[in-house]
Amino acid sequence: MAIQMNIAITALLLLFTLIPIVECIDIDVVANFGAVADGQTDLSQPLMNAWTEACASPEPVNIVIPEGTYLLTEATLNGPCQAPISLQLQGTLMAPEDPTVFKEPTWVSISHVDSLTMFGGGVFDGQGATAWGQNDCSKNKNCVKLPINIRFHDVKNSLIQDITTKDSKQFHVNVLGCSNITFQSFTVSAPEESLNTDGIHIGRSDGVYILDSKIETGDDCVSLGDGSNNVKVQGVTCGPGHGISIGSLGKYKNEEPISGVFVTQCTLANTMNGVRIKTWPASQPGSATDIHFEDITMDNVGNPILVDQEYCPWNQCDLSVPSRVQLSKLSFKNIRGTSKTQIAVKLICSSGLPCDEVELADIDLTYNGPEGPAISQCSNVHPALSGVQNPAACSSQPTGEAAP
């Protein structure tokens, strides 16, 4: 499967590289639609007018937002469109600072579009600093949902390249119901104290590629929800943040399986976690399979390798009932660097559905804290081992659990 995925991603990159560029009609939101780059005049209507014209064109159209700073109160850019469409963002779009002005938890939404290209080196600035203190959704089920910087829904065969999302009030990017969408040379920028600001969150999508990108945020750099299939994360630098995570899974009914996830050649620095799979105890049934983490560098990372099937933030669950999410065909290979927690490898699987077909190969993680060297904990899993194992695999038992 790993070979198949590598072939697929190579073919995808060749597709974007080798296909001749189709000549587009350029339309400029300033020159053609009266937009003003003064940081105060709302771009919403000029952008909507440009999108409507471009989407109706039988010929490919490129919408240009020139350099400068633009206020954008909101944008809902819907298809289907008659031909491929591109958005060349050269300037900076700034969201309203006040989160209460948003009617929906979305700032920019792009839906039902085939063959979208977004490029140009521009910035989506969510101006989220004033909102982060209002984000209590992790504790309050009735919280007010804050706006996500960019939502992609039912977007297909598309490329997002050389774009920055900054200081979102909630998630930076949400990818839902998409297929064959690539983020390349993509930047997420937010401080460590920004709450619930996942970099790129993926759900119910097939064929999502995050390549050669830099993500700094206050939550997961990349997070995968249910129904994420054939996902490749390659050459990503993550940190600060909470790491690269699958889940949490099992909280809701009718969650879709996850399959075919490859995280390779990434560097994580000063993150709360490294590579992580998390499922709720007392969960709904589900599964995640064919998940691989390989060639990962950890630099002062907490919990560098973590499988947690007892994920229970704020004690919102029943730990006495095991998770019903089956994890299988997991591999962790050539993962090296430094841990800021003594437990460098922690595989806590479900007692009801133990993890199946787990592999640890060439693990070399060190810890220099006062407790002693790095340790590895395992529960309800018997991983296949090869190559270097530092710390010694499954050498320490979780608290309160007897040795096998």
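Analyst: Happy to! The largest cavity is lined by Leu 47, Ile 65, Leu 72, Ala 75, Leu 77, Leu 87, Leu 93, Val 108, Ile 110, Met 118 and Phe 124. Two elements each give two or more residues to this lining: strand 4 (75-78) and strand 7 (106-114). If you look along strand 4, you will find Ala 75 and Leu 77 in the lining, while strand 7 brings Val 108 and Ile 110.

What kinds of residues make up the lining? Eleven of them are nonpolar, and there are no polar and no charged residues. The space in the largest cavity comes to about 40 Å³. A search of the whole structure turns up one cavity of 30 Å³ or more.

Please keep in mind that this is a predicted model.

Now let's step back to the protein around the cavity. The protein has three helices and 30 strands. Its 404 residues would give a compact globule a radius of gyration near 22 Å, and the protein agrees with this because its own value is 22 Å. Along the principal axes, the C-alpha trace spans about 70 × 45 × 40 Å.

Of the 404 residues, 51% count as buried.

Terms used
Residues are numbered from 1 along each chain as its sequence is written. This is a predicted model: local features need pLDDT of at least 70, side-chain atom pairs count only at pLDDT 80 or more; totals for chains, interfaces and linings use all residues. Side-chain values use heavy atoms; hydrogens and water are left out. On a 1 Å grid over the protein atoms alone, a cavity is a set of points where a 1.4 Å probe fits but cannot get out, and a pocket is an open set with protein on both sides within 12 Å along at least five of seven lines; lining residues have an atom within 4 Å of a point. Grid points are joined across faces, edges and corners, and a volume is the space filled by probe spheres set on the points. Helices (H or I, at least four residues) and strands (E, at least two) are DSSP runs, numbered from the N terminus. Ala, Val, Leu, Ile, Met, Phe, Trp, Tyr, Cys and Pro count as nonpolar, Asp, Glu, Lys and Arg as charged, and the others, Gly among them, as polar. The radius of gyration is taken over C-alpha atoms; the globule rule is 2.2 Å times the number of residues to the power 0.38. Buried means under 20% relative accessible area, exposed over 50%, partly exposed in between (1.4 Å probe, protein chains only).
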